[in-house]
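Visitor: Please take a close look at one part of this protein, the charged surface, and then set it in its surroundings.

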Amino acid sequence: MQINEQALMSIVDLAKENKAVSETNSNLGYELDFFFENVMDTVVEFFELEKV
């Protein structure tokens, strides 16, 4: 699957917004934080591979 940089950044922005919302909802906070960290790790790896 090929994804352009603009689409990827919009996904990151949505993830940041969702994380901000999750901080107010403690029931799902830990699970969403774990998911967000995994998403951010994947995004960072993607950009590092694209630069190489």
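Guide:
**The negative patch and its surroundings**

On the surface, Glu 37, Asp 41, Glu 45 and Glu 48 gather in a patch of negative charge. A patch is made of residues with over 30% relative accessible area and no salt bridge, with like charges joined within 9 Å; a salt bridge is a side-chain nitrogen of Lys or Arg within 4 Å of a carboxyl oxygen of Asp or Glu. This is a predicted model, in which local features need pLDDT of at least 70, side-chain atom pairs count only at pLDDT 80 or more, and totals for chains, interfaces and linings use all residues. Residues are numbered from 1 along each chain as its sequence is written, and side-chain values use heavy atoms, with hydrogens and water left out.

Glu 37 lies in helix α2 (residues 26-51); helices are DSSP runs of H or I with at least four residues, and strands are runs of E with at least two. Glu 37 counts as partly exposed because its relative accessibility is 42%, where buried means under 20%, exposed over 50% and partly exposed in between (1.4 Å probe, protein chains only).

The protein has 2 helices and 0 strands. Helix α1 (residues 5-24) holds Met 9, which is partly exposed at 35% relative accessible area. Of the 52 residues of the protein, 17% count as buried.

How values were computed. Patch = residues over 30% accessible without salt bridge, like charges linked within 9 Å, V, L, I, M, F, W, Y side chains within 5 Å. Areas by Shrake-Rupley, 256 points an atom, 1.4 Å probe, with all protein chains shown as cover. Lys, Arg positive; Asp, Glu negative; His and termini not counted. Charge placed at Lys NZ, Arg CZ, Asp CG, Glu CD.
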